[in-house]
Amino acid sequence: MLDSVTDLERVQSVDAPFGVPRLMWCFWSEGDMGAVRSLSLSYLVKNVGVPVFLVTRKSFFRLEKPEFPIHPAFRWLSAVHQSDYVRTYLWHHYGGAWHDVKATEVSYFPLWDHFEDELVYFLGRPEVRGGAATLYDDSGRWMPDCWHDLVSVIAWIGRPNTPFSREMMERMHLFLDQNLDTLKANPARHPREKKAEGSNAILRAIKKAYFSVSKRSPGYPIPWTLFGNIFHPLNFKYKEHVRALLPSDRQKNAGIYHRN
């Protein structure tokens, strides 16, 4: 079943075994998904085995907790980074599953049984070599070298209000606080906007031309892997509370390339 977030009653009515709502969140910022994305979503809804709630940029505010306002930076983020923020907020404050708008042929329904163990905070898919965020954690560990201890950011199930989710939310807000003024001055102008990396003059010139042609914002301060940059170091920190148990499709995304 696919639901839009029209009110909290429908969200709050789902079963929540062991304190984790048996539902799945997805996000689509706005506009037409197109045929391929719509097909991907239909596969997800048909197969995943739990209610799927499609959150939009507007309906997200219906889920806002009065005591924990949505960060003011949200309005200036790209669609991709809005998705990063939405999944963090919903994980910490509501819990449940997350899946990008991509197809799957596997059911998640039985996985909630693992939360009977109160020490289990998070279920994910095993990360793959080359999939981890490319940065060091607070202890100087290079995350790509730790990939075998990590899970993927694409799909997961999270228990709400754990030390893991709380620190994820706090670090997300701290990062947005630090970049708020720059973001206001350089808001996203493209759904897949990202920070322009590189420092040498040739690379800067290439990027300047690229951004001009693409109507992107060269001063946009948010890196492409915003969620992963915060998540993977914390994933390693809380790895004793994370289980890599989510099933994978025999073909990636059920064999459906999700972009039109």
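**View 1. The largest nonpolar core of the predicted model.** The largest nonpolar core has 42 residues. Such a core is a set of buried Ala, Val, Leu, Ile, Met, Phe, Trp, Tyr and Cys residues joined through side-chain atoms within 4.5 Å. Buried means under 20% relative accessible area, exposed over 50%, and partly exposed in between, with a 1.4 Å probe and protein chains only. The residues with the most contacts inside this core are Trp25, Phe60, Tyr85, Phe122, Phe164 and Phe231. Two or more residues come from each of β2 (24-27), β3 (52-55), α3 (79-93), β6 (151-158), α4 (163-185) and α6 (226-237). Helix α4 gives the most, with seven residues. Apart from this core lies another, of 23 residues, with Val50, Ala97, Val120 and Ile157 among them. In soluble globular proteins, nonpolar side chains tend to be buried together.

This is a predicted model: local features need pLDDT of at least 70, side-chain atom pairs count only at pLDDT 80 or more, and totals for chains, interfaces and linings use all residues. Residues are numbered from 1 along each chain as its sequence is written, and side-chain values use heavy atoms, with hydrogens and water left out.

**View 2. The whole chain, for orientation.** The chain has six helices and seven strands. Helices (H or I, at least four residues) and strands (E, at least two) are DSSP runs, numbered from the N terminus. In order from the N terminus, the elements run β-α-β-α-β-α-β-β-β-α-α-α-β. Of the 260 residues in the chain, 49% are buried. Among contacts (heavy atoms within 4.5 Å) between residues at least 6 apart in sequence, 84% join residues at least 24 apart. The accessible surface comes to about 13000 Å², and carbon and sulfur atoms account for 53% of it. These areas come from the Shrake-Rupley method with a 1.4 Å probe; for residues, only the protein chains shown count as cover.

**View 3. Phe231 and helix α6.** Leaving aside residues up to four places away in sequence, Phe231 touches Trp91, Phe122, Val151, Val153, Phe164 and Met168. Helix α6 has 12 residues and spans 18 Å from its first C-alpha to its last, close to the 16 Å expected at 1.5 Å a residue. The expected span is 1.5 Å times one less than the number of residues. Because 10 of its 12 residues are buried, α6 is largely enclosed by the rest of the structure. The buried residues of α6 are Leu226, Phe227, Gly228, Ile230, Phe231, His232, Pro233, Leu234, Asn235 and Phe236. Their cover includes α3, β5 (122-126), β6, α4 and β7 (242-243).

View 4. Helix α3 has 15 residues. Its span from first C-alpha to last is 21 Å, close to the 21 Å expected at 1.5 Å a residue. The helix is mostly covered, with 13 of its 15 residues buried. Just after α3, Gly95 takes a positive phi of about 80°.

**View 5. Ser165 in helix α4.** Ser165 is found in helix α4. At 0% relative accessibility, Ser165 is buried. Its side chain reaches the backbone nitrogen of Thr162 at 2.9 Å. Not counting residues up to four places away in sequence, Ser165 touches Trp91, His92, Arg159 and Pro160.

**View 6. Ser139 in the loop between β5 and β6.** Ser139 is exposed, with a relative accessible area of 56%. The C-alpha atoms of Ser139 and Pro233 are separated by 9.2 Å. Along the chain, these two residues are 94 residues apart.

**View 7. Positive phi at Phe18 and Asn161.** Most residues other than glycine have a negative phi. Phe18 has a positive phi of about 60° although it is not a glycine. Phe18 lies in the loop between α1 (8-12) and β2. At 39% relative accessibility, Phe18 is partly exposed. Asn161 has a phi near 55°, again a positive value in a residue other than glycine. Asn161 lies in the loop between β6 and α4.

**View 8. Cys26 and Cys146.** Cys26 is buried, at a relative accessible area of 0%. Cys146 also counts as buried, at 10% relative accessibility. The structure holds zero disulfides (a disulfide is a pair of cysteine sulfur atoms within 2.5 Å).

Conventions
A polar contact is a pair of N or O atoms within 3.5 Å; within protein, one must be able to donate a hydrogen and the other to accept it, and residues adjacent in sequence count only if both atoms are side-chain atoms.
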